[in-house]
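Dear colleague,

Please find below the structure that I am handing over to you. My findings follow after it.

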Amino acid sequence: GAAYGMPWLGPPVVLALVIAHLVTVARTADAPVTWRAELGLIVALGVYGTAADSLQSGLGLLAFVDAAFVWLCPLWITALWLHFGTVLRSVFGGFADRPFIAFLMGAVGGPLAYAAGARLGALAFPSGVVPGMVSIAVVWGITFPLWLRLAQRQARSSSS
């Protein structure tokens, strides 16, 4: 939505998806965690991602469309991080015990996702594409295996 002048569209859509995800977790008898624990993970990842992207924006590596402040990423980016939290365990959980593969997936997939956003016009790289992409690769190379491991530990401690 942000690339097409509708940055307000993403957050309510993601809110509906997060609620649907939490309802599904609550109704699944063999879910690895409770819906409250899942919500905690999603919110924590949203805060982390908002901070990571805000830092990169504040350093001039990223510039988001409709950002109210240079040093704070817009709400639609936070919504994307929250949405990522809903698939972390279910879609990518199998990579938690494969940190090097998770690192590669983050270090390659993260920049590709942001490059796609830039091609759509949702963000830009004010300091140049290379510094911006390297920054994203570092952030996502660290983020992906870290949060997969945190999600896995949470599931293990919930089942104990």
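This is a predicted model: local features need pLDDT of at least 70, side-chain atom pairs count only at pLDDT 80 or more; totals for chains, interfaces and linings use all residues.

Overall architecture. Five helices and two strands make up the secondary structure of the protein chain. Read from the N terminus, their order is α-α-β-α-α-β-α. The radius of gyration is 16 Å, close to the 15 Å that the globule rule gives for 160 residues, so the chain is as compact as a globular protein of that length. Along the principal axes, the C-alpha atoms occupy a box of roughly 50 × 35 × 20 Å.

Of the 160 residues in the protein chain, 41% are buried. The chain exposes about 8600 Å², and 72% of this area comes from carbon and sulfur atoms. Among contacts with a separation of 6 or more, 73% are between residues 24 or more positions apart.

Helices α1 and α2. Two packed helices are described by the angle between their axes and the distance between the axes. Helix α1 spans residues 10–27 and helix α2 spans residues 35–58; they pack at an angle of about 145 degrees, and their axes lie 9 Å apart. Their crossing is right-handed. On the α1 side, the contact is formed by V18, H21, L22, V25 and A26, which meet W35, E38, L39 and I42 of α2. By type, seven residues of this contact are nonpolar, one is polar and one is charged.

With kind regards

Key: Residues are numbered from 1 along each chain as its sequence is written. Side-chain values use heavy atoms; hydrogens and water are left out. Axes are lines fitted to C-alpha atoms, for helices over the stretch in contact, and angles run from 0 to 180 degrees between N-to-C directions. Helices (H or I, at least four residues) and strands (E, at least two) are DSSP runs, numbered from the N terminus. A crossing is left-handed if the near helix is turned anticlockwise from the far one by less than a right angle, and right-handed if clockwise. Contact means heavy atoms within 4.5 Å. Ala, Val, Leu, Ile, Met, Phe, Trp, Tyr, Cys and Pro count as nonpolar, Asp, Glu, Lys and Arg as charged, and the others, Gly among them, as polar. The radius of gyration is taken over C-alpha atoms; the globule rule is 2.2 Å times the number of residues to the power 0.38. Buried means under 20% relative accessible area, exposed over 50%, partly exposed in between (1.4 Å probe, protein chains only). Accessible areas come from the Shrake-Rupley method with a 1.4 Å probe; for residues, only the protein chains shown count as cover.
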